[in-house]
Amino acid sequence: MIPSLAGIVTICLCVLPLLLSGPYYVHVFILTMVNIVLASSLRLINLSGQMSLAHGGMMTIGAYTSALLVMKAGLSFWVAMPISGLCTALIAYVVGYPFVRLKGIYFSIVTIFFSEVVVLTAQQWQSLTGGAAGIFGIPRPNPVSLFGILHVDFSSKVEFYYLALALMLISLIILYAVEKSRIGMVLRGVQQADSLAESVGIDTTGFKVLAFTVGSFFPGVLGAFYSHYISAVNPDAFSFLFTIYILIYMTVGGEKGFFGPVLGAAVLTILPEVSRPLKAFEPFVFAAVLIAVIFFVPEGMAGIPQMVRRVKTAHEKGAADA
Amino acid sequence: METTALAQSVLNGLALSGIYILIALGLTLVMSIMGIVQVAHGEIYMIGAYSVYYVVAVLGGNFFLGIVVSTLFVGGLGVLLERLCFRPFRGRADRAFTISIALILILQNVVLALAGGNPRSFSSPFSGVVHLLGVAISWKRLVIVLVGLGLLVGLFLFIKLTRTGQAMLAISQEREGAALQGMNIDRVSATAMFLGCGLAAVAGGFIGSLFSISPTMGSFALMKGIAVIILGGLGSIPGAVVGGLILGLVDGVLPALTTTHIAGLVGFAAIIMILIFRPQGIGGHEG
Amino acid sequence: MLEIEGLSKYFGGLEAVSSVDVSVRAGEKLGLIGPNGAGKTTFFNLVSGTLKPTRGKVTFEGRDITGKSPHYIAGKGIVRTFQGINIFPDFTVLENVVLSCHLKPGVGLLETVLKTSGSRRKEKAILERSRQILELAALDRLANVAAKNLAHGHKRILGIAIALAAEPKLLLLDEPLGGMNAVEVSETMALIDRLWRNGITILLIEHNMRATMNLCQRIVVLNFGRKIAEGTPDEIKANPDVIRAYLGAGGHAA
């Protein structure tokens, strides 16, 4: 059921730009797709039981790395973008080992501080990063020729839309494959019973670092995409609040199933853009939704069908017993 | 560098230390006793600052009255939050964390709606200089250091002498074991929140007397608090004092000795090193 | 097979395990008993790598494994069970065992992401092996039940099945009979015996005296972290130090 649904949605997404009434809505969908990848990759890290708040920092690293590689080292965007992802993953790998040894809340705290250190580095290392003002005039992705006929030079938002769509599909496929593989099973086992997993030969530290590294690759890549899309980057672009929003998308959508964060990111990015009052009260609405989810629907939006089913079966059982 | 300037820098540093220690102590009390990452701690600090502002600038009250009122108000708010938001999720750190996030959004935006986004300021009654050992130093900052010290001593005595205080210390060092010894977790958690939020409120009031306040000032406090806790030791209450002392002095003295540019780098370069080589900090255990 | 010399563990001022020497021969069934708090589980933790010893040396099959990480030691062939959390609660019974077949056959992780034919074959082999283990443990009918929903006795047996999946040469069983009724006890003892016959060396902590005396060929007794006696079950039953340790602690004699 899921694969065909996904197929239908993908086809819809491919034709969507032709239906949208203006570049603003294209922009909204680009943001949505970026957020979907961010929320889903955050969930991968979470799968191992570690609540990471480093995503903002990772995105910043990816954004700056790509901008600098293209503007100072003269690389093509198409080379810089994957390298940014790899750089980010490498940094995650290096800090991952000491971080991952910390328990639960302490891990979260150091990841918060990691993001802050990234921001401070970007602010202070003026010679490299342009300081608090950031980098402007980041060039568009190099023009590309598809199948020899289509010429894409990224002068319009629609072209960025399709790039974002491609990135999102590839990312989701990778994340899904990892989750369904033995790696995913090991991560879930580690989250449930760390010592037990160790006792059967699973290097739990190594797997947690793996989740953290792979999960941080995606904000690196998407940071690169974003900085060339907006053509600017500054230290506060992906602040603590930004990371919090991603966490909100993931939590409201539901962490248990793979598509929870996709749903959460989609709904919470699009809804405020189509409803003016919602946008005006966005922080309050988000806070209220968050609280409602935690108290009443802990499994998130994706868990609602299951909840309804459970209530129905309980109801029917009650009626049958009566 | 001449003595007066050095002394003033040291005092600046100590005043900042006092404030950082208050923030970090509050945060680590809540973290190690309730086992949650209270990321809205910065917002609590901000509300403390605004409460003092309200008493001093709007009601025309005395600065110390403002501090006391703010402490009681914010401490009470903390107790309320513990009862309503955190107690239902005791043991579920991930859900409590989500509640904290919701609190950030709510608290920040309520204050934004009520008070507007423009920075405000109020004056501390302690303007001017006092002469100590032949050096002219800022009265305001000296008061902060003295009051901060007093609060530290008070907290230390509370932990040493009262049963709740002892329970707090035990729980902060070994959460699971202490719970089994039949301590009244409800009361200890409420006390931890009251003290933690109260300390943050005092810190907010102090910062407000030195600089200005705004609804977004909370993130500064959260990041400083986290930096102190990481430096001084995750889960360590004495570590928060040591870490706050070091960071405050670095932030206060280094800009006077070198350019600000380098001072900021030194501060967090040290912390990066700590993060990579000894993430549990100077005095902390691994959690 | 397993040589433990002068093993000690201090927690602050508390001496949990104190200069213990134990030698486990390949293929034997060794019991570890002692009153509550004698340091038996701490001893296991030190051998399995969960805790690092303060002093002492642990050698397995000629290799020094003192203070190594638990997964490394498991990889060398020492697998332990736990008194507390001994199952993966949100997985099914079958998934519990499938996950534990982590070491052998070694499934390359990238392979499983790419779902190569090689990895698919290995996963099939793992599935087959897991079902065999469940049959051996008489849990095969419960294969698709979530582990957290199992009855207590079945959970403990699943714990043994999980350990078995990791292909142990030496199996450290930490109170496998805890909370079981008489029927479950005899079934579990039969299972342990079957494992032993298949060539696995057994080191067992148990409070159930009768079962331990019946199963084990040799017994080591700990009290207050020290080894106070060692010998055959009959020797131990008659040993005055052992009797005093148990009566003194308010426990029951064998």
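This is a predicted model: local features need pLDDT of at least 70, side-chain atom pairs count only at pLDDT 80 or more; totals for chains, interfaces and linings use all residues.
Me: What helices and strands make up chain A?
Reply: Chain A has 15 helices and 4 strands.

Me: Why is Ala92(A) called buried?
Reply: Ala92(A) has 28 other C-beta atoms within 10 Å. Buried means 20 or more other C-beta atoms within 10 Å of the residue's own; 12 or fewer is exposed, and in between is partly exposed, with C-beta atoms placed from the backbone. Ala92(A) is therefore buried. Across chain A, 52% of the 322 residues count as buried.

Me: Where is Ala92(A), and what does Ala92(A) contact beyond its sequence neighbours?
Reply: Ala92(A) sits in helix H4 (residues 77–100) of chain A. With neighbours within four places in sequence left aside, its contacts are Met58(A), Phe212(A), Thr213(A) and Ser216(A). Contact means C-beta atoms, placed from the backbone, within 7 Å. Phe212(A) is 120 residues away from Ala92(A) along the chain, but their C-alpha atoms are 6.7 Å apart.

Me: What share of the contacts in chain A joins residues at least 24 apart?
Reply: The share is 77%, counted among contacts between residues at least 6 apart in sequence. For chain B the corresponding value is 76%.

Me: Which pair of chains has the most contacts?
Reply: Of the 2 pairs of chains that touch, A and B have the most. Their contact takes 31 residues from chain A and 34 residues from chain B. On the chain A side, H4, helix H5 (104–124), helix H11 (240–253) and helix H14 (282–296) each give two or more residues. H5(A) gives the largest share, 12 residues. By class, this side has 24 nonpolar, 4 polar and 3 charged residues. Nonpolar covers Ala, Val, Leu, Ile, Met, Phe, Trp, Tyr, Cys and Pro; charged covers Asp, Glu, Lys and Arg; the others, Gly among them, are polar.

Me: What makes up the side of chain A that touches chain C?
Reply: Here 18 residues of chain A meet 25 residues of chain C. Helix H7 (157–180), helix H8 (182–192) and helix H9 (194–199) of chain A each supply at least two residues of the chain A side. H8(A) gives the most, with 6 residues. The classes are 9 nonpolar, 6 polar and 3 charged.

Me: How far apart are the closest C-alpha atoms of chain B and chain C?
Reply: They lie 13 Å apart, and no contact joins the two chains.

Me: How many helices and strands does chain B have, and how many of its residues are buried?
Reply: Chain B comes to 11 helices and 2 strands. Its elements run α-α-α-α-β-β-α-α-α-α-α-α-α from the N terminus on. Of its 287 residues, 52% count as buried.

Me: What describes the packing of helix H1 (residues 3–34) and helix H10 (residues 237–257) of chain B?
Reply: Two packed helices are described by the angle between their axes and the distance between the axes. For H1(B) and H10(B) the angle is about 145 degrees, and the axes are 6 Å apart. By class, their contact has 16 nonpolar, 9 polar and 1 charged residues. Axes are lines fitted to C-alpha atoms, for helices over the stretch in contact, and angles run from 0 to 180 degrees between N-to-C directions.

Me: What domains does chain C have, and how do they meet?
Reply: The domain assignment, automatic or from a database, gives domain 1 (2–86 + 154–248) and domain 2 (88–149) of chain C. Their centres, taken over C-alpha atoms, are 27 Å apart. In the contact, 14 residues of domain 1 meet 15 residues of domain 2. Helix H6 (152–165) and helix H7 (182–197) of chain C each give two or more residues to the domain 1 side. H6(C) gives the most, with 9 residues. That side divides into 9 nonpolar, 2 polar and 3 charged residues.

Conventions: Residues are numbered from 1 along each chain as its sequence is written. Chains are lettered from A and ligands numbered from 1 in the order in which they are written.
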